[in-house]
Amino acid sequence: MEKVVQFLKDAEVYYLATADGDQPRVRPFGTAHVFEGKLYIQTGKVKDVSKQIHANPKVEICAFKNGDWLRVAGELVEDERREARVSMLEAYPSLQAMYSADDGNTEVFYFKNATATFSSFTKAPETVQF
Ligand SMILES: Cc1cc2nc3c(=O)[nH]c(=O)nc-3n(C[C@H](O)[C@H](O)[C@H](O)COP(=O)(O)O)c2cc1C
């Protein structure tokens with residue numbers, strides 16, 4: 001899982017796909033943080049992406065770096081604990097201009113039942129589950 005997080009951080013941007021009914025939606029994301037051994041991402045409850053995750057927590061993310069790409073498919077679970085939000089905001093100080101742990105908007109999700117696949121045109125795929 002550390003390798004997954006490192007890849008996402010090195011890539012700087014990944015694309016998060018959600019389901020909006022039968023319509024896929026995708027957008028750039030950047031947050032990737034390990035808290036208590038789990039991979040967390042952050043968003044705001046006001047966003048459509050948040051509403052889509054709550055309606056259907058199955059998501060997939062994709063990132064690309066130096067000819068390799070990573071996909072992570074899994075379910076997102078909201079962690080409603082304040083300390084989880086604080087940990088994320090401390091890891092991304094730039095978010096603190098827009099978000100705070102008690103603003104009623106900030107939310108963090110961790111991956112469960114995740115399958116990460118590293119791929120490239122030159123190597124066999126490598127799969128990690130967490
Ligand atoms: C490089 C980059 C990284 C981003 N990272 C995040 C993020 O981690 N969390 C987030 O909520 N929005 C992030 N955004 C903003 C979302 O892409 C944007 O709010 C998007 O419109 C949300 O999707 P939605 O419109 O379907 O709700 C990022 C945008 C960019 C350009």
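This briefing covers the ligand site, the nonpolar core and a set of individual residues.

The model is predicted: local features need pLDDT of at least 70, side-chain atom pairs count only at pLDDT 80 or more, and totals for chains, interfaces and linings use all residues. Residues are numbered from 1 along each chain as its sequence is written, and side-chain values use heavy atoms, with hydrogens and water left out. The largest nonpolar core has 36 residues.

**Ligand shell**

- Val13, Arg27, Pro28, Phe29, Gly30, Thr31, Gln42, Thr43, Lys47, Asp48 and Val49 surround the ligand. A residue is near a molecule if one of its heavy atoms lies within 4 Å of it.
- By class, the shell around the ligand holds four nonpolar, four polar and three charged residues. Here Ala, Val, Leu, Ile, Met, Phe, Trp, Tyr, Cys and Pro count as nonpolar, Asp, Glu, Lys and Arg as charged, and the others, Gly among them, as polar.
- Strand E2 (23-29), strand E4 (38-44) and helix H2 (48-55) each give at least two residues to this shell. Helices (H or I, at least four residues) and strands (E, at least two) are DSSP runs, numbered from the N terminus.
- E2 gives the most to the shell, with three residues.

- Thr43 lies in strand E4. Thr43 counts as buried because its relative accessibility is 2%. Buried means under 20% relative accessible area, exposed over 50%, and partly exposed in between (1.4 Å probe, protein chains only).
- Not counting residues up to four places away in sequence, Thr43 touches Phe29, Val49, Ser50, Tyr99, Asn105, Thr106, Glu107 and Phe109. Contact means heavy atoms within 4.5 Å.
- Asp48 lies in helix H2. Asp48 has 52% relative accessibility, so it counts as exposed.
- The C-alpha atoms of Asp48 and Thr127 are separated by 30 Å, and the two residues are 79 apart along the chain.

**Nonpolar core**

- In the largest nonpolar core, of 36 residues, those with the most contacts are Leu8, Tyr14, Leu16 and Phe111. Such a core is a set of buried Ala, Val, Leu, Ile, Met, Phe, Trp, Tyr and Cys residues joined through side-chain atoms within 4.5 Å.
- Elements giving two or more residues to this core include helix H1 (2-11), strand E1 (14-20), strand E5 (58-65) and strand E6 (68-79).
- Strand E7 (106-120) and helix H3 (82-91) are also among them. E7 provides the largest share, seven residues.
- Leaving out residues up to four places away in sequence, Tyr14 has contacts that include Leu8, Ile41, Ile61, Cys62 and Ala63. Arg27, Pro28, Phe29, Gly30 and Thr31 are also among its contacts.

**Helix H3 and His33**

- Ala84, Arg85, Ser87, Met88 and Leu89 are buried in H3. Their cover includes strand E3 (33-35), E4, E6 and E7.
- His33 sits in strand E3. His33 is buried because its relative accessible area is 12%.
- The side chains of His33 and Ser87 form a polar contact of 2.7 Å. A polar contact is a pair of N or O atoms within 3.5 Å; within protein, one must be able to donate a hydrogen and the other to accept it, and residues adjacent in sequence count only if both atoms are side-chain atoms.

**Positive phi**

- Glu36 is not a glycine, yet has a positive phi of about 50 degrees. Glu36 lies in the loop between E3 and E4 and is exposed, with a relative accessible area of 53%.
- Asn113, also a residue other than glycine, has a positive phi near 50 degrees. Asn113 is in strand E7 and counts as exposed at 55% relative accessibility.
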